[in-house]
Amino acid sequence: MDGIFLQQLINGLTLGSVYGLIAIGYTMVYGIIGMINFAHGDVYMISAYLAAIGLAVLAFFGVQSFPLLILGTLVFTIVITGVYGWTIERIAYKPLRNSTRLAPLISAIGMSLILQNYVQIAQGARQQGVPTLLDGIIKFHVGTGYVQLTYTKLFIIVVSLLGMGVLTYVIQRTKLGRMCRATQQDRKMASILGINTDRVISYVFVIGASMAALAGVLITMNYGTFDFYAGFIIGIKAFTAAVLGGIGSLPGAMLGGMILGIAEAQFSGLVNSDFKDVFSFSLLVMILIFRPQGLMGRPHVAKV
Amino acid sequence: MSKILQKGFLALAVSTAMGFAHADIVVAVAAPLTGGNAAFGEQLWRGAEQAANDINAAGGINGEKIKLVKGDDACEPKQAVAVANRLVDSDKAVAVIGHFCSSSTIPASEIYDEAGIISITPASTNPQVTERGLNGEFRMCGRDDQQGIVAGDYIVDVLKATKVAIVHDKDTYGQGLADATKAQLAKRGIKEVLYEGLTRGEKDFNALVTKIRSSGAEVVYFGGLHPEAGPLVRQMREQGVNAKFISGDGVVTDELVTTAGGPQYTKGVLMTFGADPRLIADGKAVIEKFRSSGYEPEGYTLYSYASMQAVAAAFKGAGSTEGAAASAWLKSNPVETVMGKKEWDKKGDLKVSDYVMYEWDDQGKYHQK
């Protein structure tokens, strides 16, 4: 025992919490209007750029302390990304609300391409980067080896869990959450009972985008580099996590993210990193064979 | 009346079409102008553009001007094939400078070969580029089997390391280079402690880094490009892995520092690359021209400039833009380029390659060792 297993667990947990945050956006949108928002990965990508812009602006105004810097960036990024989420829904999905289910799907793919190309033209095709914000490492000894954890990683795990906690509270305990759940269960009935379902759907997009924004800030801090194409791979992974946990289920998305991250890390460590994606997707296939609704999903009910 | 008009238009159309066909020599620059490797695409474009301007200012080729067209392959084999077809069919290019990534150059060059035009890659180092018996395929750079020898020998002779981890990006260039280094290490009696691939486009390699750590490697050799090399070296340092990091010519850009998150991470990183073309006296005037326009001709910029010069020299020497004639001329005549005198063998490889080791300093710049 030289701490390798534990180190891989930490690696997986960091990666998994980020997958989980992005998976929330996929799962909530699917839950409420039954479509896969393929542009969600690119919303995350936009938030990474916004995070870098926010950091640069704050640093320009002489903000030096880390808590202030990160708080300011988080607020800025979440607000603007939320606006993006809202706008995308209004432009690309709302006009197609009553058409066939394939139409918004195609529209989502188009939106994804538009966002990528827009950022590429506006920000250039080069790799972007931000300097390290939070220096420092925690190192503790385990048996003959050691486990090393940067403050940034610890920060990621804590903040994502916090974010997920807050969101769970909002959905389970507040009026907004109740409206979301009602709309998810039966949109027509909810609207008869006086809920403005169109507005609730917009809220869901804003919430999903905010979670992606949180992930964007955290990832930008941790890896320090991104480009306009950054949303693609991570979007696919997060989507996988959402399906794994049971698409439509909020705790399922978080759990799915964690499982996917940890499975990838442990498989790379124990077997071979060449085939980690093969392993993750085999896992997904196995789960879907034995539990088609995903780990925490409810059995399929016909949607209106 | 209308018939006369029609005929007149027809004649006009034909004459303009022919006029276009003879006014310009269309040369394509095919490179990753977008995507993670756009920095290299810019190097290739800048180099070729400057060369074309200089050649046109000096009277062009056989009295005709060079007209450049862009082809963006995003370093994706599928897109490279589509772009190659477009360059040949609709742009009517008679020569191609490119591509950048070996995995793009290899499938695209088949199309250029079928069309009977010459193509010179300033940067693709995979041996297969010139090993397939294509008549019109040349390169301005060395080969990975030469580069791997330099890296392998350096690890054994200078670093005196015995525990080497080899990582690659599962792409034609990256894995080819890693394999070449691996082969040279084996020849020198060293078996690597780890040999694994990572996925291009990902940013989290922590699991792999932990594995490198537990392997106890003193040297990590990476075959791949800077969007992955940067995060990899950073995550190594964050996990307390202080092994020497060596890579190849796929990281020759200042962007390595950006992707790694600062020069504190890239300090001490080693890479193999051709002897710095900016130090060759022949190119002094050209380099000044680049710098006065505010662009530092780093990495493959001058390789691309030299490729354009080689195309021009071949068309002049052969007296035509016909691929077979130009190719035959290039294989039997030396060309004076911005990087000195260059000669090609029957395969289209350079007769002399000059790989040396470079090191990154704490300011985020690299220097020849």
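Predicted model: local features only at pLDDT ≥ 70, side-chain atom pairs only at ≥ 80, totals over all residues.
**Entry 1: helices H2 and H3 of chain A**

The crossing of H2(A) and H3(A) is right-handed. I then looked up which residues make this contact: on the side of H2(A) they include Val43(A), Ile46(A), Leu50(A), Gly54(A) and Leu58(A), while those of H3(A) include Leu69(A), Gly72(A), Phe76(A), Ile80(A) and Tyr84(A). Sorted by class, the contact between H2(A) and H3(A) has 14 nonpolar and six polar residues, and no charged ones.

**Entry 2: helices H9 and H10 of chain A**

I turned next to helix H9 (residues 231-245) of chain A and helix H10 (residues 250-270) of chain A, which pack at an angle of about 115 degrees with their axes 7 Å apart. H9(A) and H10(A) also make a right-handed crossing. Among the residues that meet here, I wrote down Lys237(A), Ala241(A) and Leu244(A) from H9(A), and Gly252(A), Gly256(A), Leu260(A) and Glu264(A) from H10(A). By class, I found six nonpolar, five polar and two charged residues in the contact of H9(A) with H10(A).

**Entry 3: where chain B meets chain A**

For the two chains, I noted that 38 residues of chain B and 39 residues of chain A take part in the contact. The size of an interface is often given as the accessible area lost when the parts come together. Between chain B and chain A this buried area is about 3,000 Å², and carbon and sulfur atoms give 45% of it.

I then asked myself how many salt bridges there are between chain B and chain A. The count is four, and one that I looked up joins Glu255(B) to Arg126(A), with the closest N and O atoms 2.8 Å apart. I also recorded 20 residue pairs in polar contact between chain B and chain A, both residues of each pair being at pLDDT 80 or more.

On the side of chain B that touches chain A, the elements giving two or more residues include helix H2 (38-57), strand E7 (194-197), helix H7 (206-215) and helix H8 (226-238) of chain B. The largest share, seven residues, comes from H7(B). By class, this side of chain B divides into eight nonpolar, 18 polar and twelve charged residues.

Definitions and conventions. Residues numbered from 1 in each chain as written. Chains lettered and ligands numbered in written order. Heavy atoms only, no water. Left-handed = near helix turned anticlockwise from the far one by under 90°. Helix = DSSP H or I, 4+ residues; strand = E, 2+ residues; numbered from the N terminus. Contact = heavy atoms within 4.5 Å. Nonpolar A, V, L, I, M, F, W, Y, C, P; charged D, E, K, R; others polar. Buried area = accessible area lost by both parts, 1.4 Å probe. Salt bridge = Lys/Arg side-chain N within 4 Å of Asp/Glu carboxyl O. Polar contact = N/O pair within 3.5 Å; in protein donor to acceptor, adjacent residues only side chain to side chain. Axes fitted to C-alpha atoms, helices over the stretch in contact; angles between N-to-C directions.
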